[in-house]
Amino acid sequence: MRVSSHSRNLVPQAISNSADPEKPSEGSVELEHVSCRFGSFRAIEDLSLTIRAGEFFSILGPSGCGKTTILRMISGFIDPSAGTIRIGGEDVRGKRANQRPTSLIFQNLALFPLMRVWENVAFGLEMRRVPRSIRRKRAEELLTLVDLVGAEDKMVSQLSGGQRQRVAIARALAVEPSVMLLDEPLSALDLKLRQHMRAELRSIQKRTGVTFIYITHDQSEALAMSDRVAVMNKGRMLQVAPPHEIYHNPSSGFVAKFVGETNVIEGKLVRIADGFGTVESPLGQHRARVSHNVQGESVALYVRPEHVDVSRQRQGDNAIEARLQDVSFEGSFALVKAVTAHGHVFLVATDNNDLQRLPSNTENVYLHFDEQQAFLLQSDREQCIT
Amino acid sequence: MLIILPNIALIESSFRPYLPLNEIDGPRDSYTLANYQRFLSTPVGFDIFGMSIDVPIHLRIFITTVLYSIFVTAIILIIGYPAAYYMTKTISPSNMAIFFIVLTVPMWVSEILRSFAWFTILSFKGPLNALLIEIGVINSEVRWIRGYYGIIIGLVYTYMLFMVFPLYSSMQSLDKNQIEAAQDLGASWWRTHWRVIVPHCKPGIVSGCVMVFMLSAGSLLVPSLLGSPNSLWFTQTIQQLMLEALDWNTGAAYSLLFLSLCTFVVVAMMWAFKVKLSDITN
């Protein structure tokens, strides 16, 4: 995407943001012990969260977990039942949506269909009583920023899905928000466009320096774009960490299973030593990393499919005897399904080149994994009881 | 067929003179524009917008009818818009059915009875005056049925729903996110309405206004029942011509004039407010 020199000074506030150490927190968002109830339904329970200025922050969770509620509380459409929200260090209680320094991009974009593209983009400026000629100029600059030159006078209905997306981004940026809130804006696009827009959003965020809070139920989206990811379920924050941390070192079984594919061995913890634990299960004894606190005996061992190898001979301790069953081709790799004598299913990701060399489904094979790459967590089942 | 034929007969008879029975189809019964010319005869003094000019009496009645009908339409729009907005945004779908019934039950009663009800309510020693005196708003009775007051009150009541329902249906089709998007971008309550909700509801507003205007201007019952001696509605003039003077030919000419002039007013208004015909249909 081209960035002309004049489109850079669209974001003076963002530049001062990073250049001025006196006010480093203009785009920061803090939630302190925030709860939100609708009648007897508890959408959000005692949630605390700090989002740094200039960060691309994703909130990831299954639908109905309360992530949209968080977004609507930050943007000012819902008031929290309890707790404090601060934007740029300032308590925003009592401020309505039209007084907050946030811009929301809606899931369905909510562009104004009766206005032209440039009027859509300049709507926020019109509300701030900026003269028409300046509005038009700024709209053109913003449309340049989102690579949509020449669409100024079109109607929204004449644009494609991806173009509308860009108009929505330009419209939200026009008011120079400190915080951009995005409510699954890519979910309506097809896969290819979605991947393209991911990169685009990320690059716009980098150039403007505005804090992005991105809501999604698509884990690959969250992992690909974010500086940090928060995983939520049932109104609670489960883990807040950078993407690789979330993926390689999840704090709970829910996070491990929600983010990427994973294999699970439920069993009994027999010992912990030097940060490694040993699980005993019907499949045998296996060792894995313990980086989060584990209480009680009932534990689960998680290992990602790409960390499992297949061989004909047993090598080392972390081995499981199984037979290969199905191969599903996933493009750049293949997922092989292996079943143990107990009926336990394992997924193994292999390189496509190795597919020919895989043992046939009549012979017994051994699945191996490195103890460094597997991790032990408290069993989900026990958590459910307590 | 039952609608078109009488209208063709009406058009035909409007061009023929009003003659005694034995002269119909006689030598004097030829096509003429005399009936239409009568509309522009008999000038009387007319005070309008601070000017006093001589205007033919029937034209004067027509102009007053149109002006008061526009006034009634405006009042209904001013009351109906917030009502429709309240219905869309505040009332939950489960309560909506009850609300609709409450709104439409008065429609089950005939227009005559409803107008009579208002006649009773607004009468000099009626319940409205009694109530207002009781709560101390006024000191002595007010003559409500005076000039055009009674007609305006009656018409506003009778035709309110013809505005509320089209407005309601167009407001319901508005995506709630659009309102929130406008607010999120800094729009005040008033500007959200002006820039987002009103443009979206334009078809509903236009069709409601056209309907209310035509119905008000063409109303006969309300002006007859709630009119005062010094209020005149054009439909009453036509009624007098046809049923009292038995001059069906001039009555027919006036009906056609009224219809075409009202249509002209609607078209002129639509042009003035930059509304296209296609806006109403979609």
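This is a predicted model: local features need pLDDT of at least 70, side-chain atom pairs count only at pLDDT 80 or more; totals for chains, interfaces and linings use all residues.

Student: How many residues does the contact take from chain A and from chain B?

Tutor: Chain A gives 26 residues and chain B gives 18 residues. The area buried between chain A and chain B is about 1900 Å², and carbon and sulfur atoms give 52% of that area.

Student: What is the count of salt bridges between chain A and chain B?

Tutor: The count is two salt bridges. A salt bridge joins the side chains of A:Arg72 and B:Glu180, at 2.8 Å from N to O.

Student: Which elements give two or more residues to the side of chain A that touches chain B?

Tutor: They are helix H3 (67–75), strand S6 (102–105), helix H5 (123–127) and helix H7 (161–174) of chain A. H5(A) gives the most, with four residues. By class, this side of chain A has 14 nonpolar, six polar and six charged residues.

Student: And how are two packed helices described?

Tutor: By the angle between their axes and the distance between the axes. Here, helix H4 (residues 93–108) and helix H7 (residues 149–172), both of chain B, pack at about 145 degrees with axes 9 Å apart. The crossing of H4(B) and H7(B) is left-handed.

Student: Which residues in H4(B) and H7(B) meet?

Tutor: Among them are B:Phe100 and B:Leu103 in H4(B), and B:Leu161 and B:Phe165 in H7(B). The residues of this contact divide into nine nonpolar, two polar and no charged.

Note on methods: Residues are numbered from 1 along each chain as its sequence is written. Chains are lettered from A and ligands numbered from 1 in the order in which they are written. Side-chain values use heavy atoms; hydrogens and water are left out. Contact means heavy atoms within 4.5 Å. Buried area is the accessible area (1.4 Å probe) that two parts lose on being put together, summed over both. A salt bridge is a side-chain nitrogen of Lys or Arg within 4 Å of a carboxyl oxygen of Asp or Glu. Ala, Val, Leu, Ile, Met, Phe, Trp, Tyr, Cys and Pro count as nonpolar, Asp, Glu, Lys and Arg as charged, and the others, Gly among them, as polar. Axes are lines fitted to C-alpha atoms, for helices over the stretch in contact, and angles run from 0 to 180 degrees between N-to-C directions. A crossing is left-handed if the near helix is turned anticlockwise from the far one by less than a right angle, and right-handed if clockwise.
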